[in-house]
Amino acid sequence: MASKVLNVFYTDDDILMEAIKKAQSKNYQIEEVFCPFPVHGLDKLLKVKHTRLAITSFLYGLVGITVALTMMNFIMIVDWPQNIGGKPSFSLIENLPSFIPTAFEMTVFFAAHLMVITFYMRSKLWPFKKAENPDPRTTDDHFLMQVNVGNNDIQEVAEFLHSTGAVEIDLKK
Amino acid sequence: MSHYEAPIRKPLVTGEKSYHDISVEIARPVEGKANKSWWIVFSISLIAFLWGLGCIVYTVSTGIGTWGLNKTIGWAWDITNFVWWVGIGHAGTLISAVLLLFRQKWRMAINRSAEAMTIFSVVQAGLFPIIHMGRPWLAYWVLPIPNPYGSLWVNFNSPLLWDVFAISTYLSVSLVFWRTGLLPDFAMLRDRAVKPFQKHIYGILSFGWSGRVKDWQRFEEVSLVLAGLATPLVLSVHTIVSFDFATSVIPGWHTTIFPPYFVAGAIFSGFAMVNTLLIIMRKVVSLEDYITVQHIELMNIVIMITGSIVGVAYITELFMAWYSGVEYEQYAFLNRATGPYAWAYWAMMTCNVFSPQFMWFPKLRRSIMFSFIISIVVNIGMWFERFVIIVTSLHRDFMPSAWTMFSPTFVDIGIYIGTIGFFFVLFLLYARTFPVIAQAEVKSIMKSSGEQYKKIREEQGDDAKLYKMPEQKPLPDFNKLIAEANSTDDTSDKNTKTD
C-alpha cells in the first residue's frame with residue numbers, strides 16, 4: 001500500500017512556521033505547503049532551492065540588446081545608410097548614441113516578457129489550467145501542509161500535528 | 001518570523017481584521033451589485049467616451065483640418081493630451097516598482113489601482129499620435145518591418161521613433177506586471193465564487209494559480225526583478241517623451257533639463273490622479289480601512305516634493321534662458337510669462353508650484369477633502385504645463401509675420417473629453433470586476449503593519465505572540481477511514497470522533 005498523505009490545515013502563518021519546525025524535528029516528510037499569501041522564510045525553512053528566474057531575465061536582456069543592435073545596424077548602417085540631419089549613419093559606432101534609447105527599451109522588453117513567460121511555464125500557469133490547490137480555503141485564510149506519513153503510524157502523526165495547532169486534518173484523496 | 005516594525009510607523013490596515021475579513025472585504029465590490037452612483041458616473045463617462053469617439057471618426061474621415069492647428073502651431077492639443085496622459089501613467093509604475101524596491105509597505109493597498117490607472121491612461125495617450133497620423137490604419141508603419149517599398153525603413157535617429165519603442169515597452173511591461181500580481185487575487189475570487197459563470201471566468205483569469213511554496217518564491221522573485229526593470233523603464237519613458245521636444249532646435253524646447261523635469265512632473269501628476277481616484281474609490285467601495293488617511297498623507301508628501309522639483313525646474317529654465325545670452329531663448333520665456341499666453345503660464349505656476357506647498361501643513365495634508373481638491377488642481381496645472389511648453393514655444397516663431405494664436409475646435413475638445421470618458425469607463429469597469437487591492441500582499445503585511453498587531457506589540461513588547469491558538473476540529477480515526485475507503489471508496493464520514 002502506498003504511504004498516505006495528510007492534509008493539515010492551519011489558520012496562521014506563525015503557527016504554520018512553528019509547526020513545520022516541529023514536524024521537521026520529528027523527521028516527518030512535508031511534501032507541499034499551499035499558502036494564501038507569501039510567507040517570508042517559508043522557502044528557506046523547507047529548503048526549497050532559490051529560483052533562477054532572475055538569471056534568466058539577465059540572459060534574456062542580453063538577447064534583447066543583441067537583437068536591437070543587430071536590427072538597427074542592419075536597417076540604418078548596412079541596408080540603407082543615409083546622412084540624416086548631419087547625423088552620419090555610416091558605422092555603428094558613429095551612430096550609436098542615437099541607438100541607445102531603442103536598445104535600452106528592447107533590452108527591458110525582452111528581459112521582462114521572456115522572464116514572465118518562463119515563470120508561467122515553469123509554474124505551469126496558463127488560461128484554462130485547472131487550479132491544483134486541494135481546498136478552496138487555501139487562497140483565503142487557510143495554510144495547507146501536506147505531510148507524507150511514510151512508515152509512521154498515521155494516528156500518531158495526526159495527533160502530533162494536531163498538537164502543533166492544526167485546525168483540521170484529513171486524508172489526501 | 002519577526003514581524004517587528006518601528007512603532008513610529010502608523011498602521012496601514014485599521015480595524016480588527018482576520019485574513020478572512022480581508023478576502024471578504026476586497027471581494028465585496030466584485031461580488032455585490034453596483035450602486036446607483038456607479039451607474040450615474042458610468043453613464044456620464046460612457047456618453048463622454050462616445051462623443052469623443054464621434055470626434056475621432058470625424059477627424060479621421062475629414063482630416064486633421066478639423067483641429068485648431070495652423071501652419072505655425074503644428075502641434076497643440078493632441079500632443080499636450082498625449083504627454084499629460086503618459087505623465088499620469090507614471091505614478092502607477094512608480095508605486096508598484098520603485099516603492100517595492102524601497103520596501104515601502106504602504107504601496108500594497110494602492111498599487112493595484114495605480115497600475116490599472118497607468119495602463120488605462122497609457123491607452124489614452126497612445127490614441128493621440130495614432131489619430132494624428134491621419135490614416136490610423138497605417139499606424140503599423142512606425143514599426144521596423146520589411147515592406148514592399150524597397151529599403152524603406154523607420155529612422156532610428158528620431159526621438160519620435162524612440163517614443164514608439166518606449167511607450168509600447170512601457171505599456172506591455174506594465175500590463176504584464178499587473179497581470180502577474182493579479183494571479184493570486186483572481187485565484188481568491190475563483191475559490192470564493194458561487195455562481196458557475198464567475199467561477200469559470202476567474203478560473204481562466206487566475207491561470208490555475210494554486211499557491212505552492214515554489215510558486216510564491218518565483219512570484220516574489222519575478223515581482224522584484226520586474227520592479228528592478230520597470231524602475232529605469234519608467235524613468236526612460238518620460239525622458240524619451242521629453243526628447244521629442246528637447247532634441248529639437250525650437251527655443252523653449254531645446255533644454256537639457258527636460259528629462260528630469262518631465263519625469264518629476266509625470267510623477268507629480270500621476271500621484272495627483274491616484275489621489276483623485278482613490279479618495280473616491282475608498283469611499284464608494286468602503287475600503288477606508290485599507291486606504292487610510294496615512295496613505296493619502298504619504299501621497300501628498302510625494303506630490304509636495306515632486307511639485308517642488310517641478311518648481312525648481314521652472315525657475316532654472318528661466319534663469320538659463322537669461323544666462324544663455326541667446327535672445328531667441330530669452331524671448332521665448334519672456335513671452336511665456338508676459339505674452340498673450342501669460343494666463344496659461346501663471347495658471348500653471350499657481351497650480352503646480354504654489355498649491356502643493358500647502359502640503360507642508362500636516363493638518364491640510366491629512367484632510368481628505370483638501371487633498372482631493374489639490375489633486376484636481378494639480379492635474380489642471382500639469383495639463384497647462386504641457387500646453388505652455390508646446391503652444392507658447394511655437395506660436396511666435398522666427399518670422400513675426402507667421403505669429404499667431406491657437407484656439408481649439410470642438411473636435412479638439414471633444415477628443416480630449418472623450419479620452420477622459422474612456423479612461424473612467426475602463427476604471428469603473430475595473431473597479432467592479434477586479435480585486436482593487438492586492439489582497440495577498442496586504443495579508444502578508446498584516447502582522448507588521450496591521451493596527452491590532454501594533455497594539456499587541458505596544459502592550460506586550462516586541463516579542464509578543466501575534467496569534468491566538470485557533471479552535472481545532474477533533475481528529476478523525478484515520479485507520480478506520482483508510483479501511484472504509486478501501487472497502488467502499490466512501491470517505492464522507494470523516495468527522496468521526498477518535499476513541
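This briefing describes the chains, domains, sheet, aromatic pairs and backbone of the structure above. The model is predicted. Chain B comprises 17 helices and 0 strands, whereas chain A contains an open sheet of 4 strands with antiparallel pairing. An automatic or database assignment divides chain A into domain 1 and domain 2, and chain B is likewise divided into domain 1 and domain 2.

**Domains**

- In chain A, domain 1 is made of two segments, 5-36 and 141-171, while domain 2 covers 53-122.
- The C-alpha centres of these two domains of chain A are separated by 50 Å.
- In chain B, domain 1 runs over 19-468 and domain 2 over 473-499.
- The corresponding centres in chain B lie 57 Å apart.

**The sheet of chain A**

- The strands of the open sheet follow the order 2-5-1-6.
- Strand 2 (29-34) and strand 6 (168-171) of chain A are the edge strands, each pairing on one side only.
- From one strand to the next, the twist averages 20°.
- Strands of a sheet pair through backbone hydrogen bonds, in either a parallel or an antiparallel arrangement.
- Strand 1 (residues 5-10) of chain A pairs with strand 6 of chain A in the antiparallel sense, over 4 bridges.
- Within this pairing, A:Val8 has A:Ile169 of strand 6 as its bridge partner.
- Helix 5 (residues 154-163) of chain A packs on the sheet and touches strand 1, strand 5 (143-148) and strand 6 of chain A.
- The direction of helix 5 of chain A makes about 15° with that of strand 1 of chain A.

**Overall features of chain B**

- The C-alpha trace of chain B spans about 100 × 60 × 45 Å along its principal axes.
- Of its 499 residues, 57% count as buried.
- Considering contacts in chain B between residues at least 6 apart in sequence, 79% join residues at least 24 apart.
- The accessible surface of chain B comes to about 21,100 Å², and 68% of this area belongs to carbon and sulfur atoms.

**Aromatic pairs**

- Over all chains, the whole structure holds 57 aromatic pairs.
- One of these is the edge-to-face pair of B:Trp162 and B:Phe243, with 5.7 Å centre to centre and 75° between the planes.
- B:Trp162 lies in helix 5 (residues 159-192) of chain B and B:Phe243 in helix 7 (residues 213-246) of chain B, so the pair ties together parts that are 81 residues apart in sequence.
- B:Trp162 is buried, at a relative accessible area of 7%, whereas B:Phe243 counts as partly exposed at 22%.
- B:Trp322 and B:Tyr323 form a tilted aromatic pair, with 6.2 Å centre to centre and 40° between the planes.
- B:Trp322 is exposed, with a relative accessible area of 59%, and B:Tyr323 is exposed, with 56%.

**Positive phi values**

- Most residues other than glycine have a negative phi.
- A:Lys124 has a positive phi, near 55°.
- This lysine, A:Lys124, is found in the loop between helix 4 (92-122) and strand 5 of chain A.
- A:Lys124 counts as partly exposed, at 48% relative accessibility.
- B:Phe207 also has a positive phi, near 55°.
- B:Phe207 lies in the loop between helix 6 (196-205) and helix 7 of chain B.
- B:Phe207 counts as buried because its relative accessibility is 12%, under the 20% cut-off.

Definitions and conventions. Residues are numbered from 1 along each chain as its sequence is written. Chains are lettered from A and ligands numbered from 1 in the order in which they are written. This is a predicted model: local features need pLDDT of at least 70, side-chain atom pairs count only at pLDDT 80 or more; totals for chains, interfaces and linings use all residues. Side-chain values use heavy atoms; hydrogens and water are left out. Domain bounds come from an automatic or database domain assignment. Two strands pair if DSSP finds at least two bridges between them. Helices (H or I, at least four residues) and strands (E, at least two) are DSSP runs, numbered from the N terminus. Axes are lines fitted to C-alpha atoms, for helices over the stretch in contact, and angles run from 0 to 180 degrees between N-to-C directions. Contact means heavy atoms within 4.5 Å. Buried means under 20% relative accessible area, exposed over 50%, partly exposed in between (1.4 Å probe, protein chains only). Accessible areas come from the Shrake-Rupley method with a 1.4 Å probe; for residues, only the protein chains shown count as cover. Rings of Phe, Tyr and Trp (its six-membered ring) pair if their centres lie within 6.5 Å; planes under 30 degrees apart count as stacked, over 60 as edge-to-face and the rest as tilted.
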